[in-house]
Amino acid sequence: MISDKDRIVVGLSGGMDSLTLMWFLHERLRRIPIDYELLAIYIDPGFENSFSENLKAYCRNMGYKLHVELTDYGVLSHSAYNRENPCFLCSRLRRKRLFELADEFGYYKLALGHNKDDIIETLFLNMFYSGEISTMCPKQFLFKEKFTIIRPLAYAEENMIRKFAKQNNFPEFVNVCPSASISKRREIKDFLSRVYKTDFRIKGNIFRSMTRVKPEYMLNPKT
């Protein structure tokens, strides 16, 4: 995923996943024979009681290079102006700005903190609400391979990351978004949590199934 002399933007949301990712990418620089440059970017959605200043202080203390971009994306997405799902619009605007900033600063590899659970949840989100079978890849090329997306935590389970973050006393930055607890992703997460309780093998089987697709047993719209 990472090569010598890479310049990598880390999408820092303030959540445990992105904080863990940033810690690992920064920490391993002292232990590996290659060198790369990291720039953390936080897209502030513009809500009141933002944790941007606390995040800046934390990153300074850890020795992380951070850029905070103040926007009104969250406020706009929850306003009467928006007729779409607020999470969908806010996510799309923040992702677009992240690519723009990476381009402006000359960083063409983006590291995101999505984990194994996120990948499974995205599969179900896309099936339920987009009518397609797709999810996020651990490594992905975009815009004619101008950008490379990497997800180093793709094979790590959420509970493992939470345990690691707690053991290392990572700070908790509270998400003040009014849709944080009522989003479609939260509904999918709760649904899967109930399913997992019925059989401990289900999560692993779902994740494994995404590498064992049998096209000959899928519907073909041309027939």
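Let's start with two phenylalanines: Phe-51 is buried, and Phe-173 is buried as well. Keep in mind as we go that this is a predicted model.

How are the rings of Phe-51 and Phe-173 arranged as an aromatic pair? Two values tell us, because a pair of aromatic rings is described by the distance of the centres and the angle of the planes. For Phe-51 and Phe-173, the centres are 5.2 Å apart and the planes make an angle of 35°, and the pair is tilted.

Now find them along the chain. Phe-51 sits in the loop between strand S2 (37-44) and helix H2 (52-62), while Phe-173 sits in the loop between helix H6 (158-167) and helix H7 (184-196), so this pair ties together parts that are 122 residues apart in sequence.

Phe-173 has another partner, Tyr-58. Here the ring centres are 6.2 Å apart and the planes are at 70°, so this pair is edge-to-face. Tyr-58 lies in helix H2 and Phe-173 in the loop between H6 and H7, so the parts tied together are 115 residues apart in sequence. Is Tyr-58 buried or exposed? Buried counts as under 20%, and Tyr-58 has a relative accessibility of 12%, so Tyr-58 is buried. For Phe-173 the relative accessible area is 15%, so it is buried too.

Phe-51, Tyr-58 and Phe-173 belong to one aromatic cluster, together with Tyr-42 and Tyr-64. Over the whole structure, a search finds 17 aromatic pairs.

Some rings have a charged neighbour instead. Arg-7 lies over the face of Tyr-107, 4.1 Å from the ring centre. Likewise, Lys-116 lies over the face of Phe-207, at 5.1 Å from the ring centre.

S6 runs parallel to strand S4 (residues 109-111), joined by three bridges; in one of them, Lys-109 has Thr-148 as its partner. With strand S5 (residues 139-142), S6 pairs in the antiparallel sense over four bridges, and Leu-142 is partnered with Phe-147. S5 and S6 form a hairpin with four residues between them, and in the turn Phe-143 has a positive phi of about 55°.

Last stop: Leu-70, in strand S3 (residues 66-70). Leu-70 has a relative accessible area of 65%, so it counts as exposed. Beyond its neighbours up to four places away in sequence, Leu-70 touches Asp-44 and Gly-46.

How values were computed. Residues numbered from 1 in each chain as written. Predicted model: local features only at pLDDT ≥ 70, side-chain atom pairs only at ≥ 80, totals over all residues. Heavy atoms only, no water. Phe/Tyr/Trp six-rings, centres within 6.5 Å; stacked < 30°, edge-to-face > 60°. Helix = DSSP H or I, 4+ residues; strand = E, 2+ residues; numbered from the N terminus. Buried < 20%, exposed > 50% of the residue type's maximum accessible area, 1.4 Å probe, protein only. Lys NZ or Arg CZ within 6 Å of the ring centre and 35° of its normal. Contact = heavy atoms within 4.5 Å. Pairing = 2+ DSSP bridges.
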